[in-house]
Amino acid sequence: WYQRRVRKAVVSTQSTGSGSGVLSDSETNDADDFAYYQDVYRFVGAMKEGFQNRKISVDWETIQRKKTEVTEEFQRKKDEVKEAVINSKERIKEKSREKLDAGKEKILKLRKKTYKRLKRMEPEENYRQKVVFTKSVLTLVLKTFAVCSGQWLLPWYYAITCPTLIIWRIITYWQAQFQYFCLDFCYFGNLIICLIIWFDPSNPELCSVLFSISNGILYLGAFSFRNSLVFHSVDKMTSTYIHTVPLLLSFGIRWYPEVTSRYWHASFPTEAIPPSWYWNVLVPFLVLVTHTALYTLLVNVILQPEAHIVTSYRYITAKKSIKKIFGPNPPYFVYVIVNWILSLLISSVTLVFYRYFYAHVFGLCLLFWFVTWNGAGYYFDVFRMSMARKNEGKAEKTE
């Protein structure tokens with residue numbers, strides 16, 4: 001195309017050169033095009049020649065130099081980043097060390113404050129424990145006298161102390177989020193016993209039911225919850241009271257009804273009915289089934305306590321011995337069925353207690369040996385270790 005345009009411009013110039021010597025507009029444009037394209041041709045040629053010379057001048061030394069520069073720049077940046085990371089780690093470690101030191105200092109101050117507070121509270125706590133210990137021992141002496149000689153004290157002692165301790169237990173357990181323990185059969189059974197001795201103590205059938213509940217399910221509860229005679233602890237003494245004092249009351253009503261009724265508002269039956277599977281086993285078991293239905297409806301259906309709230313089911317199934325037998329987290333219905341079976345078995349044993357005086361005495365002695373042994377274990381194991389740790393803390397403070 002370029003060559004055709006050049007030839008056309010040359011031919012046009014030659015054909016008009018012998019004429020008037022004046023170029024037409026189209027001829028002028030062709031001449032201008034010829035000059036323009038000559039300039040373009042020279043420019044393109046110069047560009048081509050310069051490109052070829054430039055291409056030849058680029059050698060491997062230049063490439064290697066550029067590569068070295070880029071590598072050095074990359075290494076420099078890499079070293080800067082690495083140094084920045086190291087400095088950042090050092091700063092973080094230093095700040096963490098400062099925070100740790102500050103935390104240790106705060107913990108030390110808090111321990112000092114706690115120690116001072118406990119030291120101020122220690123005389124009050126010791127005084128309270130001494131008072132509880134004294135009352136517990138005197139009460140034990142009083143109950144021993146009541147069982148052995150002054151059986152008339154038993155209904156009055158039980159009627160006054162039972163509501164008081166249960167109300168105190170509800171308040172304290174509610175504050176400690178143990179309130180669901182107060183819905184167990186132990187409290188329900190004590191309520192039934194209170195109703196019987198207040199409203200119909202002369203009914204021999206109801207007194208037989210009272211005897212079976214006291215020496216059956218409540219008797220079993222003392223072993224299940226490992227009651228112990230810890231004389232300075234109101235909580236442990238209350239738990240022991242709930243499971244043992246109804247047994248002492250039933251002992252007086254069954255074997256010494258006349259003396260037990262001497263100062264009571266009504267007389268207890270002087271002639272007890274013979275041992276009966278209906279009144280000694282079936283009726284107490286139906287009372288237990290009724291309580292289980294109400295408890296399940298109230299706790300598991302309506303209230304549905306959160307996972308951190310302790311109930312009797314969660315407390316019993318968390319024991320290692322129970323886990324070995326039934327595995328971890330046994331179903332609730334298994335817990336209920338096992339409870340029913342054990343209650344039927346122990347209610348059957350109450351037939352022996354109800355018929356034979358010395359068998360009943362042996363059952364009482366066995367129960368009080370158990371709670372006394374547990375109390376001794378607390379004093380010589382748990383309490384001694386806590387006192388040793390307390391003395392070690394005092395020695396550290398002194399140093």
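Me: How do the axes of helix α4 and α8 cross?
Reply: They come within 10 Å and cross at roughly 150°. Axes are lines fitted to C-alpha atoms over the stretch in contact, with angles from 0 to 180 degrees between N-to-C directions. Helices are DSSP runs (H or I, at least four residues), numbered from the N terminus. Helix α4 covers residues 153–175.

Me: What kind of model is it?
Reply: This is a predicted model, where local features need pLDDT of at least 70 and side-chain atom pairs 80 or more, while totals for chains, interfaces and linings use all residues. Residues are numbered from 1 along each chain as its sequence is written, and side-chain values use heavy atoms, without hydrogens and water.

Me: Back to the pair. Which residues make the contact?
Reply: From α4, they include Tyr157, Tyr158, Leu165 and Trp168. From α8, Tyr241, Ile242, Val245 and Pro246 are among them. Contact means heavy atoms within 4.5 Å.

Me: Where is the kink in α8?
Reply: At Ile242, shortly before the proline Pro246. The kink is about 40°, the angle between axes fitted to the seven residues ending there and the seven starting there.

Me: How far does α8 reach?
Reply: Its 22 residues, 234–255, reach 31 Å from first C-alpha to last. That is close to the expected 32 Å (1.5 Å times one less than the number of residues).

Me: Why is α8 largely enclosed?
Reply: Because 18 of its 22 residues are buried (under 20% relative accessible area, 1.4 Å probe, protein chains only).

Note on methods: Helix = DSSP H or I, 4+ residues; strand = E, 2+ residues; numbered from the N terminus. Buried < 20%, exposed > 50% of the residue type's maximum accessible area, 1.4 Å probe, protein only.
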